[in-house]
Amino acid sequence: MSRWHSLLGHVQFPIKLLFFATLLLGIGSAITNPVIADILWHVENENLLLFAELLKYIGGFTIQLIPFFMFIKILSRKFASNVPIIVGIAGYFIFLIVVMFIAESGDPAYYYESILGIGITETIDDVTTFFAPYRMGILPLFIVYWIVSYSYHKSRSHLMEGMFGFLDHDTYSMVIALLLCAGSAVLVGFVWPYVIDLMEICFELIASDTSNPMNLFYYGVIDRFGAVSGMQNISRSIFWFGEWGGTYLDSAGVKYMGDVSVWTYEMTAKLPATVGKFITPYYVINLFLMPAFILGYYSLVSSRKDKLRYLPFIILAIALTIVCGNALPMEFVMLILSPLLYVAYLLIVGILYATFSLLHVQIGYFFQDDLLYANPGSSLDLLQYIRLPDLYDSVIALLIVGLVAAVAFFFLTRFYFNKLAVGLFNMGNVAQYSDTVIRGLGGIDNLISVDHTPDKMTVALKDRSLVDFDELKAAGAYVILESKDGYLLRLGNCSTIIAREMIKQMEEKEHASMQTIEENAVVH
């Protein structure tokens, strides 16, 4: 499990880039949103509008490539050589190209995705067809990563003799990796149509009765998991802009399809809202759940020094999710730092969809752009609806549900890091883990103080020469850094639990010592 937790250190920079991209997208969207412009500002300067569109494109395109950047960063941290990075990039492109040539072309366009320009336009008998790889999210990156890891380690034992003796280790690694990438792409290309059939069954079940709270529960879970897996635009295309998300026929006979399309038309025409069920929980996610998670994390930081150091980031992170309407950066953090809490989060999102369905609360998203730029559920979006009498009751109900959800998720976050982070089946082994860490730090008598956050602890020691690094690594420490304050240990999400157990043992030791002194004083 420590390998999984160490991922947060590996992908920390791409996640920071994701925060920055979210900010750019949020600023660009706020400037160009015509409804917000009617309330807060009205921009007519063409250069400023062009700049806003540039920010939107840079932000949206960067967000789309974040999994690819994570892939490169993980390879760079895992291997000392640059060869696996080059081989990984080449292998990824080969994988996508092979899948593109194998892919069947009869499915709807949202099941395909052109990544970094990989696609072919073909014209036959004046009919133009565009071919692209299947939309597979992060799956190709996982496959290529394991292939590159395998081929690189195998190449280190390659003997440069026999038929392939002319190949050096790096070239041998490249050949094996690219062949395996092409072969696995062929396999995935033939299997993926069945995956599409399975997705169609799931989406058809949801669309069969969108007034059913359980169907919307399924949609909520699928939508948020799709966000971190890179598959979200499939469900968004189907329900935001497709017939399964609802339809509206205007007086001129024009048919609007999809939850977002219908909502946008109704707001433009100043008609009563009839849709929005696929968007409403986004406001709770961005305005309440993510801030609750961030504050829950921050409340577990024990050191005043760390609290002051983290405070600017905490304020920025909360502002981004509230104003810019994009929970993806914190969802990645939650998934890597606390997988079990992320599962609970998915269930809570599903419950929100079901709850709003039962309450008949619907607040949609005014959007007329490409899905690349979508960031629903921001405070700026909600601001425009508070002013509408027809939506006032729905907004109040949303705020009440959101506040309850925020309080619940805040305490759930604290409970998780305080009690459950070691795993459901290891809760009785906290003392054992703590004892191992204490031994690695030179024993209980060598400890001066222990400060902690949900993912690391800082320990001040009397004698640093007593530290046993092998013992600490055996306890799960994947990062050990020496500083003027002592040793910083990254133990993953169980850091708070172990640190509190260590503090408890220190207090018990001190209490026992004081009791012994008092008893001796009485005797004398």
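## Basis and overall fold

Helices (H or I, at least four residues) and strands (E, at least two) are DSSP runs, numbered from the N terminus. By that count the chain has 19 helices and 8 strands. The model is predicted: local features need pLDDT of at least 70, side-chain atom pairs count only at pLDDT 80 or more, and totals for chains, interfaces and linings use all residues. Residues are numbered from 1 along each chain as its sequence is written, and side-chain values use heavy atoms, with hydrogens and water left out.

Along the principal axes, the C-alpha atoms fill a box of roughly 100 × 75 × 45 Å. Of the contacts (heavy atoms within 4.5 Å) with a separation of 6 or more, 69% join residues 24 or more positions apart.

## Burial and core

Of the 524 residues in the chain, 50% are buried, meaning under 20% relative accessible area with a 1.4 Å probe, protein chains only.

A nonpolar core is a set of buried Ala, Val, Leu, Ile, Met, Phe, Trp, Tyr and Cys residues joined through side-chain atoms within 4.5 Å. The largest one has 147 residues, of which Trp240 and Tyr345 touch the most other members. Helix H11 (residues 280-299) gives this core its largest share, 13 residues.

## Helices H13 and H14

The axes (lines fitted to C-alpha atoms over the stretch in contact, with angles from 0 to 180 degrees between N-to-C directions) of H13 (residues 328-337) and H14 (residues 339-359) come within 5 Å and cross at roughly 130°. H13 is therefore oblique to H14, the class left after angles under 35 degrees (roughly parallel), over 145 (roughly antiparallel) and 65 to 115 (roughly perpendicular).

In H13, Glu331, Met334, Leu335, Ile336 and Leu337 meet Pro339, Leu341, Tyr342 and Tyr345 of H14.
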